[in-house]
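Thanks for coming. I will go through one model this morning and keep to what can be computed from its atoms. Please have a look at it first.

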Protein chains: 2
Amino acid sequence: MDLSDRIETGMQAAIRYATACGCPQKLSDAFRYAVFPGGARIRPRLCLAVALACGDRDPKVATAAATAIELLHCASLVHDDLPCFDNSATRRGKPSVHVEFGEEIAVLVGDGLIVSAFETVARETQHAPELTAPLISTIANAVGSPYGLVAGQAWESEPEINITAYHRAKTASLFTGAVSTGALSSNGNPLQWYALADALGAAYQAADDLYDAMDDNGSMGKPAGQDQANGKPNLVAELGLEGAMKQLHSLVLQAADSVPDCRGSDMLRAMIHKEAKRLMPKKLAASAA
Amino acid sequence: MDLSDRIETGMQAAIRYATACGCPQKLSDAFRYAVFPGGARIRPRLCLAVALACGDRDPKVATAAATAIELLHCASLVHDDLPCFDNSATRRGKPSVHVEFGEEIAVLVGDGLIVSAFETVARETQHAPELTAPLISTIANAVGSPYGLVAGQAWESEPEINITAYHRAKTASLFTGAVSTGALSSNGNPLQWYALADALGAAYQAADDLYDAMDDNGSMGKPAGQDQANGKPNLVAELGLEGAMKQLHSLVLQAADSVPDCRGSDMLRAMIHKEAKRLMPKKLAASAA
């Protein structure tokens, strides 16, 4: 099975459990709507790529970790789109969950996806109990407080934002979670992979800021220019368009350089360069070609 | 240490982790606000009482399970109070979290408490890895979908509510989670405890409905009559005040009868009768005295 098949199979299984017989219909529909069709699934792909690079010792566990990471990413998108945060009417080119199903179902879908992520890891690691707690702790760190997604989003409610802590918690943390759980599930050492996660997280944040600043509605499926409208920190406002582009290039090189020596390192570097092309806003990529 | 001390120590530890150095200030304040001072802590008390009744084989694990259950209960209160659900301005006699800190922080505190619950179990079961996955799965079942709190709340968005499924998911599920994890953490058999959980969950729901219908603001700290205002199902509307009272009495007796034979069964029955007195709305208790 290739990476995409493993991820989609994992996501289907998780949602099948969450929407099993007895689930209220709207909630069930909204769960599926929030995770299918997915975006680029970059975080779970990264998780599995690291697991493969480390030997893919236990594919079932790695797939569960990748699935949990993606469920949590989807949860964060559903909650981030809520009126009290980004108030985003669209996501991935369709109405956001609260627009389609109402705010109450959007809150519950986010909550339910968080629970489902941990449930998935518990269910799929019963044959490898020594991995359950380390995986759960690592994932909780990546999405909770004080260093994960929850804290990252909460920085936006502070009178003064610590930009480094904000970006690290809001974006880099889930990349760190992805590479760490990928390594853990294959008996690798997560510490060797932190530099890669940091660089990728920062690159992704830079790309996101570029998209946001560029009035480019097409590729990421959310209305552009929202950061500025919402008074949120943005790399382009800080460094200018060209400066932000340079930063993105440099972060991608840094990420590729950070891949530790292992049997899958060439595959991983190739994946990073391919992903970098996808990340680059199309208008800029065309003008740089 | 008595039950209350174990629970408060567990809650303090969990919140200390979630608000460690680097946590945005408002989020940190809101975490504490949402869980301290607590309510009656009935669910974690039940969890620990069952663990004790089963021999309290691993107090650290039992306390972690009790803590996780209470963190999740607090999370559900914070989210249930949001404007899109009950729109409740007060909770436990003070402004609700979204009123005090804003809606965005309230959503994040709920999310963060859910994560913290699973993190707590993972952290405190590292010495007993065979328990991590069963505890996480049991807790996820109690709070997620299709049978836990998330599904229970989602029933309120359906055009027709399945009342049995609604009450079971919204109230009984967390009691089931509490007794099951209490039993699991002491090597007990959760199946022997389901009848107790069901009866207690139903008793608690009946008491809640009585409070809601009685315009009694004092004891539960939330504005009364909300179910009716929100068009939510309520036992008093169904059976009348006297019928609902009879139902509550019968459920308490049923709960006490459901305690399986074990060395702590007398202690547990006494606890149930004591709790029943606390559950009874004061005006009704006075008129029944």
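On the cut-offs, a residue is buried if 20 or more other C-beta atoms lie within 10 Å of its own, exposed if 12 or fewer, and partly exposed in between, with the C-beta atoms placed from the backbone. A:Arg92 sits in the loop between strand 1 (90–91) and strand 2 (94–95) of chain A. Its phi is near 50 degrees, a positive value in a residue other than glycine.

Some housekeeping. This is a predicted model, in which local features need pLDDT of at least 70 and side-chain atom pairs count only at pLDDT 80 or more, while totals for chains, interfaces and linings use all residues. Residues are numbered from 1 along each chain as its sequence is written, and chains are lettered from A and ligands numbered from 1 in the order in which they are written.

B:Arg41 is in the loop between helix 2 (25–35) and helix 3 (42–53) of chain B. Is B:Arg41 buried or exposed? It counts as buried, because it has 21 C-beta neighbours inside 10 Å.

While we are on backbone geometry, the peptide bond from A:Ser145 to A:Pro146 is cis, with omega near 15 degrees. A:Pro146 lies in the loop between helix 7 and helix 8 of chain A. In chain B, a cis peptide bond joins B:Ser145 and B:Pro146, with omega about 15 degrees. B:Pro146 is in the loop between helix 7 (129–143) and helix 8 (149–155) of chain B.

Now, how are the two chains related? A rotation of 180 degrees, with 0.0 Å of shift along its axis, superposes chain A on chain B at an RMSD of 0.0 Å. The two copies are therefore related as by a two-fold rotation axis. That superposition is by least squares on the C-alpha atoms of residues with pLDDT of at least 70 in both copies. Which residue of chain A comes closest to the rotation axis? It is A:Pro129, with its C-alpha at 2.8 Å.

At the interface, 51 residues of chain A are in contact with 51 residues of chain B. Contact means that the C-beta atoms of two residues, placed from the backbone, lie within 7 Å. On the side of chain A that touches chain B, helix 2 (25–35), helix 6 (103–124), helix 7 (129–143) and helix 8 (149–155) of chain A each supply at least two residues. Helix 6 of chain A gives the most, with 15 residues. By type, that side of chain A has 27 nonpolar, 16 polar and eight charged residues. In that count, Ala, Val, Leu, Ile, Met, Phe, Trp, Tyr, Cys and Pro are nonpolar, Asp, Glu, Lys and Arg are charged, and the others, Gly among them, are polar.

Next, helix 6 of chain B. It is mostly covered, with 20 of its 22 residues buried. B:Ser116 lies in this helix, and counts as buried because it has 30 C-beta neighbours inside 10 Å. What does B:Ser116 touch, not counting residues up to four places away in sequence? The answer is A:Gly144, B:Ala14, B:Ala18 and B:Leu71. The C-alpha atoms of B:Ser116 and B:Ile15 are separated by 8.0 Å, though the two are 101 residues apart along the chain.

B:Val109, leaving aside neighbours within four places in sequence, is in contact with B:Leu27, B:Ala30, B:Phe31, B:Ala34, B:Val78 and B:Val97. In helix 2 of chain B, the residues that are buried include B:Leu27, B:Ala30, B:Phe31 and B:Ala34. The buried residues of that helix pack against helix 8 of chain A, and also against helix 1 (3–18), helix 4 (59–80), helix 5 (97–101) and helix 6 of chain B.

Last, A:Ala62, in helix 4 (residues 59–80) of chain A. A:Ala62 is buried, with 28 other C-beta atoms within 10 Å. Its contacts beyond four places in sequence include A:Cys47, A:Leu48 and A:Gly182. That is what I have.

Definitions and conventions
Helix = DSSP H or I, 4+ residues; strand = E, 2+ residues; numbered from the N terminus.
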